[in-house]
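Please study the sequence and the structure before reading each solution.

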Amino acid sequence: MLLDKFAPMAQIRAELAAAGIRPFGAVTERLISATEAVVEGRTVILAGTNNYLGLSFDPRCIADAQEAAARWGTGTTGSRMANGTFAEHLALEAELADLYGLPHAMVFTTGFSATQGLCATLAGPGDVILLDADSHASIYSGAQLSGAEVLRFKHNDPADLEKRLRRLGERAADTLIVVEGIYSMLGDTAPLAEIAAVKREYGGFLMVDEAHSLGVLGEQGRGAADAAGVADAVDFFVGTFSKSLGAIGGFCASPHAALEAVRFSTRAYIFTASASPSVVASTRAALAIMRAEPQLQRRLWANAERLYAGLRDLGLQVGPQPGPVVAVLLDDRDTALAAWQRLLDAGIYVNLVVPPASPTGASLLRCSLSAAHSDAQIGRIIAAFADPVAGAAGAL
Ligand code: PMP
C-alpha cells in the first residue's frame, strides 16, 4: 500500500506524544530576541537556531525589510525567469559576486534549492559526482536527480578523495567534487587546503557549501575556503541566507561564465517564485553587516569555544572540534530524548538529532551558538547540561 511505509514514523510520533515529548516541531509561541523565546509555554534560551551572527533581530535588517515590503509589496508572485526579477535580486547578486571577488553570482529562493538545483544540473549522465559521505540531504538529493554516477569519499578524508579520483582516471577532470565548509551536525570544519590540493592535482570542479561557514570563518565572513587560503581553487561557492544572515534564500558564486547558462537550465531556479523583496533587503543589510563587523565573528567564536570546553569538561562526549555547532553525542536514542526534554524544562532549547539524520549513528543534542548569546546565557547552558536532574550528564 502506498502509505504503509509511513507507519513506523507514525508509531514513533505516537510514542513520543504519549510520553509528552515533542522534539520535532516544538512550537515557538513568541520570540523575545535572537536568543530567547517562549517555546511550548516556557521561556527558553535558544541554543539551536543557526542564527550565528544574531542578525535576525538587527534593527537595520528589520528596517530594510519593512521598507522593501512597503515599496515592492509582500511577494514577487513569479519566478526569476518570468516576472520575478526585481532590482533587489540583481543588487544582491552583485554584492555576493563582490564578496568573493568573482564575476558571477546567482540567488535562489532557499539554500536547499541552491545546492540541490546546482548538483542536479551541473552534472548529468556520464559525469561523476564525488561527495563527502556526510553531505547534507540537499546535496544527496541533487546528486540523485542529476543522473550522474554518484560516489562518496570518507568524511573529511582527503586521502580517500584522492584514491577515488585516481581510480577515475581521465574521468576525474569532469568530476564534480562536493564538500561543505563546516558540517552541520558535529560542527567540524573540512580540511579544505588538502582537498583543494587534491583537486588541483587531479582536476575536476570543486563545490563548497558554505551554509554553516558563511559569516563564521574567513575575512569578511567569506567562509571556510577563504579561511583556508584556497578560495581560488573553488569553482562554485554555494550557501544560504538562513543562518548567519538571519533570513532565507540561497546563492552560488563562481568564476565560470557558464553560470549564466546554468542559471537558465536549473529547474529549482526557473520553476519557483523568487524570494520576497523584504527577504532580499534584509539579506543585503545582513551581508553588509557581516562584512563590516568582524567583532560578530569573534564574539561567536568566543561563545563557541567556551561552550565546547564547558561541555567537554563535564565529561560529555562532544564533536571533534569547537565550532558554531557544538554537539553532545549520546549512544542511546531514549536517553537523548529524555535529556532533550529535561533541558527544555530547564529553559534551554537545543536541537535533537537521532539516526538516520545524525552522521555517526549516535543521537545528538546539537547546540548552535550565536554572537548574540551573552556570557550569562552560555553559563546557563553549561549549567543546565551539568545539572544531574535537568541535564544530559545526569542521564549518562
Ligand atoms: N546546505 C547545508 C549544509 C545545510 O545545512 C542546509 C540547511 N540546514 C542547507 C544547505 C539548506 O539551507 P536552507 O535551510 O537555507 O534551505
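**Exercise 1.** Describe the lining of the largest cavity by residue class.

*Solution.* Step 1: the lining of the largest cavity has six nonpolar, four polar and one charged residues. Here Ala, Val, Leu, Ile, Met, Phe, Trp, Tyr, Cys and Pro count as nonpolar, Asp, Glu, Lys and Arg as charged, and the others, Gly among them, as polar.

Step 1: the lining includes Arg80, His89, Phe108 and Tyr269. The elements β4 (104-108) and α10 (267-270) each supply at least two of the lining residues. Helices (H or I, at least four residues) and strands (E, at least two) are DSSP runs, numbered from the N terminus.

Step 2: the volume of the largest cavity is about 50 Å³. A cavity is a set of points, on a 1 Å grid over the protein atoms alone, where a 1.4 Å probe fits but cannot get out; a pocket is an open set with protein on both sides within 12 Å along at least five of seven lines; lining residues have an atom within 4 Å of a point. Grid points are joined across faces, edges and corners, and a volume is the space filled by probe spheres set on the points.

A note on the model: it is predicted, so local features need pLDDT of at least 70 and side-chain atom pairs count only at pLDDT 80 or more, while totals for chains, interfaces and linings use all residues. Residues are numbered from 1 along each chain as its sequence is written, and side-chain values use heavy atoms, with hydrogens and water left out.

**Exercise 2.** Determine where the largest pocket lies in relation to domain 1 and domain 2.

*Solution.* Step 1: the protein is divided into domain 1 (4-57 + 294-394) and domain 2 (73-292), with bounds from an automatic or database domain assignment. Their C-alpha centres lie 27 Å apart. The contact (heavy atoms within 4.5 Å) takes 26 residues from domain 1 and 21 residues from domain 2.

Step 1: the largest pocket holds about 1,100 Å³ of space. Among its 50 lining residues, His136, Ser184, Met185, Val353 and Ala357 are the closest to its centre. Helix α1 gives the most to this lining, namely four residues. By class, the lining has 25 nonpolar, 17 polar and eight charged residues.

Step 2: both domains give residues to the lining, so the largest pocket lies between them.

**Exercise 3.** Which arrangement do the rings of Tyr100 and Phe237 have, and which do those of Phe241 and Phe251 have?

*Solution.* Step 1: the whole structure has six aromatic pairs. Rings of Phe, Tyr and Trp (its six-membered ring) pair if their centres lie within 6.5 Å; planes under 30 degrees apart count as stacked, over 60 as edge-to-face and the rest as tilted.

Step 1: the ring centres of Tyr100 and Phe237 are 4.3 Å apart and the planes are at 25°, so this pair is stacked. Tyr100 is in helix α3 (residues 87-100) and Phe237 in strand β9, so the pair ties together parts 137 residues apart in sequence. Both Tyr100 and Phe237 are buried; buried means under 20% relative accessible area, exposed over 50%, partly exposed in between (1.4 Å probe, protein chains only).

Step 2: for Phe241 and Phe251, the centres are 5.9 Å apart and the planes at 10°, so this pair is stacked. Phe241 is buried at 2% relative accessibility, and Phe251 is buried at 0%.

Step 3: Tyr100, Phe237, Phe241 and Phe251 form one aromatic cluster.
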